[in-house]
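Work through these exercises with the structure open beside you. Try each task before you read its solution.

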Amino acid sequence: MNITHAYAAQDAKSKLAPFDYQPRELRAHDVQLEVLFCGVCHSDLHQARNEWKNTIFPVVPGHEVVGRVTAVGPETQKYKVGDLVGVGCMVDSCRSCPSCQEGLEQYCENGFVGTYNGEDRETGAITYGGYSTAMVVDESFVLRIPENLQLAGVAPLLCAGITTYSPLRHWNVGPGKKKVGIVGLGGLGHMGVKIAHAMGAHVVLFTTSPSKIEDGKRLGADEVVISKDPEHMAQHANSFDFILNTVAAQHDLNPFITLLKRDGNMTLVGAPEHDHPAPQVFNLIFKRRSISGSLIGGIAETQEMLDFCGEHGITSDIELIAMDQINEAYERMLKSDVKYRFVIDINTLRNQSAA
Ligand SMILES: [Zn+2]
Ligand SMILES: [Zn+2]
């Protein structure tokens, strides 16, 4: 099979740079795809710089992948050459533990295989992600992409989209669960606003920056609350059925907990470097409120999310970049200087490699 061109970090200190590798031979159920677009997730940066202390170098990041099938293994049933497909954060799991049996591969009790920096279950080879011209993935972990959506804006659905969709579904957000808060308007938060709005909820965006009020409303928020303003916050006390907190920076959870109704829940999906201070227990006890976490979504639910986004015309708001702009994009991402996700046009990598 042809050499795959990619961008990799060689160690925690070096920038991403061109890197070629030989992909695996197609197995019976494999799908080979030509990568068209790949979203840039904050996890990519954490992994490239070994901030989670588990990176195996060289690392080829990227787990928000959209592409087209170029070859399939002899027993592949779900996909054929030419199909539009996606790959998210996982490329395999044990497939036999209770979580896998329930279609919750993201909670695989033996650990799912990450799309990059994971270990192939057959060979132990390290997996390489979507900052690549091509990928080879088992069909069970490949998603079908609705044909009606703008492809570059679909890529972030594979991580940011499912990370917000899954808890909104789990906590039954919809016309029945009417008042929903989304904390933070970044890559995750802007997807949360769009999806909760499409599910029929009354959506309230919480942000610290007044400059985001207008954009929040454009994206589907019915109201925007400046979370630094205690009076504005107090107006919403005891009124929320559910709050999705997407903020990855350490912060006080109490001001949000007191906004929940009896039995209300706040789910955390942002991964902070330092833990939030422990919330006041009385705030939870007196109204049977709860706090929980959530990690991406299973393969079946990811497909459901993509179909939902197809029906409702939902994509991510993105800034398209060329592959060689990735290092600059990381620096801008650190300053939250992106609306709301960078997506790499992988054709620029293909052309660069051909030149
Ligand atoms: Zn991600
Ligand atoms: Zn499992």
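**Exercise 1.** Which residues does lysine 179 touch, not counting residues up to four places away in sequence?

Solution. Start with the cut-off: contact means heavy atoms within 4.5 Å. Lysine 179 then touches His202, Val204, His236, Ser239, Phe240, Asp241 and Phe242, with residues up to four places away in sequence left out. Strands are DSSP runs of E with at least two residues, helices are runs of H or I with at least four, and both are numbered from the N terminus.

The model is predicted: local features need pLDDT of at least 70, side-chain atom pairs count only at pLDDT 80 or more, and totals for chains, interfaces and linings use all residues. Residues are numbered from 1 along each chain as its sequence is written, chains are lettered from A and ligands numbered from 1 in the order written, and side-chain values use heavy atoms, without hydrogens and water.

**Exercise 2.** What does the side chain of lysine 179 make a polar contact with?

Solution. A polar contact is a pair of N or O atoms within 3.5 Å; within protein, one must be able to donate a hydrogen and the other to accept it, and residues adjacent in sequence count only if both atoms are side-chain atoms. The partner is the side chain of serine 239, at 2.8 Å. Now look for a salt bridge (a side-chain nitrogen of Lys or Arg within 4 Å of a carboxyl oxygen of Asp or Glu). Lysine 179 has none, although it is buried. Buried means under 20% relative accessible area, exposed over 50%, and partly exposed in between (1.4 Å probe, protein chains only). The nearest side chain of opposite charge is glutamate 223, 5.0 Å away. For charge, Lys and Arg count as positive and Asp and Glu as negative; His and the chain ends are not counted.

**Exercise 3.** How many salt bridges does a search of the whole structure find?

Solution. The search finds 20. Take one of them: aspartate 120 pairs with arginine 27, the closest N and O atoms being 3.0 Å apart. This pair links distant parts of the chain, 93 residues apart. Aspartate 120 counts as buried because its relative accessibility is 11%. Arginine 27 has 22%, so it is partly exposed.

Now take arginine 169 and glutamate 304, whose side chains meet at 2.7 Å, N to O. Arginine 169 is in helix α4 and glutamate 304 in helix α10, so the pair ties together parts 135 residues apart in sequence.

**Exercise 4.** Which protein donors does the zinc ion (ligand 1) have?

Solution. Donors are N, O and S atoms within 2.8 Å of the metal (3.2 Å for Na, K and Ca); water is not among the atoms, so sites may look incomplete. The protein donors are Cys41 (SG), His63 (NE2) and Cys159 (SG), 2.0 to 2.3 Å from the zinc ion. Along the chain their spacing is C-x21-H-x95-C. Check the cover: cysteine 41 is buried because its relative accessibility is 6%. Histidine 63 is buried too, at 8%.

**Exercise 5.** How many residues of α5 are buried?

Solution. Helix α5 covers residues 187–198, which is 12 residues. Of these 12, 10 are buried. Among them are Gly187, Leu188 and His190. What covers the buried residues includes α4, β10 and β17. Last, check the span: α5 reaches 17 Å from its first C-alpha to its last, close to the 16 Å expected at 1.5 Å a residue. The expected span is 1.5 Å times one less than the number of residues.
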